Amino acid sequence: MKQLQKHLIIILVMGIMLAAALIGGISTFTFREISSNDNRAIMKSIQQTDMEELNDTLRVTAQTVNALTASYADIVPDDLSLLKDPEFLSAYEDKTENLGYHLLSENFKIASLYYRLSPELTNNPQAGYTVARSADGIGVLKLTPVNLHKFDEDDMNHVGWYYVPVSRKEPTWLPLYYNTMMGGQCISYVRPIYKGDTLISIVGADIDFDEFCKRINNMTAYESGFAVLFGPRGDLLFDGNRSVHIPQETIDKIMDPARDSLSTSYTDHQNRVFVESSQIKNGMRLAILVPEAELNYKQDVMTYTIFLLTAAIS
């Protein structure tokens with residue numbers, strides 16, 4: 001009888017231990033799955049918030065150019081030959097410049113605005129205006145417009161902002177380039193204005209890329225996560241001087257035109273790095289990089305705790 005009781009106790013204890021192990025295993029697996037999903041959701045939320053900050057600057061820039069385009073299109077003279085009259089042209093330039101000056105004075109996300117008339121219509125390769133923010137970031141300066149006949153049409157740094165959208169005949173976000181007038185790298189949005197098939201002018205705005213990158217540099221996630229920016233062709237434009245090494249295979253995934261956003265990961269010196277990326281309004285891609293060890297830290301601590309509790313119960 002005592003022998004039977006002993007066997008029953010052993011079976012009961014083993015059953016309890018097995019049940020505890022099963023509960024612990026199921027709890028651990030369930031927790032890790034939920035935690036993993038939460039981490040991905042948190043990363044996506046962080047990235048979306050950061051992306052919207054950049055998109056807001058791009059959106060305001062495009063809206064400003066679009067508003068100027070609509071206003072200027074309404075005041076184009078029916079008789080285009082009037083634009084060859086120096087007195088008429090001067091008055092026309094003053095009228096258009098006043099509006100641009102006023103808009104730039106109120107919009108601190110834009111570095112410069114310009115309205116350039118077709119040299120073929122005016123016989124003047126400098127017709128139009130350029131206004132730019134002063135060095136203190138507060139005032140607005142009236143600059144001497146670039147002479148369009150002084151440079152080759154394919155000179156991107158000097159006149160690309162004019163000839164690229166004119167050649168495309170549509171609103172254009174220019175690739176990152178060095179703007180010689182602004183003395184730095186710029187992101188530009190430009191719209192040509194037509195009357196029928198006749199090019200009248202272009203309206204454009206520049207964003208200071210250094211200021212744009214300051215916003216990116218302030219983007220963080222978890223303990224050491226940070227943001228990087230890719231150009232439309234997959235070239236790394238900004239990484240905060242961190243000398244980031246991202247495999248080409250991962251970059252190709254990030255730049256996949258069939259996807260507006262992507263969650264992926266890659267290995268860097270035996271460390272897994274989680275990536276959350278999205279396309280912003282001008283075709284560039286913003287990506288947040290976080291070591292997976294940081295994403296999984298709380299998850300690993302809880303898993304270890306569950307393991308200890310399970311062992312103690314067993």
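Which residues line the second largest pocket?

Modeller: This is a predicted model, so local features need pLDDT of at least 70 and side-chain atom pairs count only at pLDDT 80 or more, while totals for chains, interfaces and linings use all residues. Residues are numbered from 1 along each chain as its sequence is written, and side-chain values use heavy atoms, with hydrogens and water left out.

The lining of the second largest pocket consists of Arg-168, Trp-173, Leu-174, Pro-175, Leu-176, Gly-231, Pro-232, Arg-233, Asp-235, Leu-237, Asn-282 and Met-284. On a 1 Å grid over the protein atoms alone, a pocket is an open set of points with protein on both sides within 12 Å along at least five of seven lines, a cavity is a set where a 1.4 Å probe fits but cannot get out, and lining residues have an atom within 4 Å of a point. The second largest pocket holds about 270 Å³, a volume being the space filled by probe spheres set on points joined across faces, edges and corners. Its lining comprises 7 nonpolar, 2 polar and 3 charged residues. In this scheme Ala, Val, Leu, Ile, Met, Phe, Trp, Tyr, Cys and Pro are nonpolar, Asp, Glu, Lys and Arg are charged, and the others, Gly among them, are polar.

The largest pocket has about 350 Å³. It is lined by 20 residues, and Ala-111, Arg-133, Met-182, Asp-208 and Glu-211 are the closest to its centre. Strands S2 (128-133), S6 (184-195) and S7 (198-208) and helix H5 (209-217) each give at least two lining residues; the largest share, 3 residues, is from S6. Helices (H or I, at least four residues) and strands (E, at least two) are DSSP runs numbered from the N terminus.

Among the residues lining the cavity are Ser-112, Tyr-114, Trp-161, Met-182 and Asp-206. Strand S1 (residues 112-117) provides the largest share of that lining, 3 residues.

Turning to packing, the largest nonpolar core has 47 residues, and Phe-212 and Ile-280 touch the most other members. A nonpolar core is a set of buried Ala, Val, Leu, Ile, Met, Phe, Trp, Tyr and Cys residues joined through side-chain atoms within 4.5 Å; buried means under 20% relative accessible area, exposed over 50%, and partly exposed in between (1.4 Å probe, protein chains only). Another core, of 15 residues, lies apart from the largest one and includes Tyr-114, Tyr-163, Leu-174 and Tyr-177.

Contact means heavy atoms within 4.5 Å. Setting aside neighbours within four places in sequence, Ile-280 is in contact with Met-51, Leu-54, Asn-55, Leu-58, Phe-212, Leu-229 and Leu-286.

As for confidence, pLDDT (the predictor's confidence in each residue, from 0 to 100) averages 86 over the chain, and 82% of the residues score at least 70. It stays under 50 over residues 19-36, for which the model has 19 contacts beyond four places in sequence.
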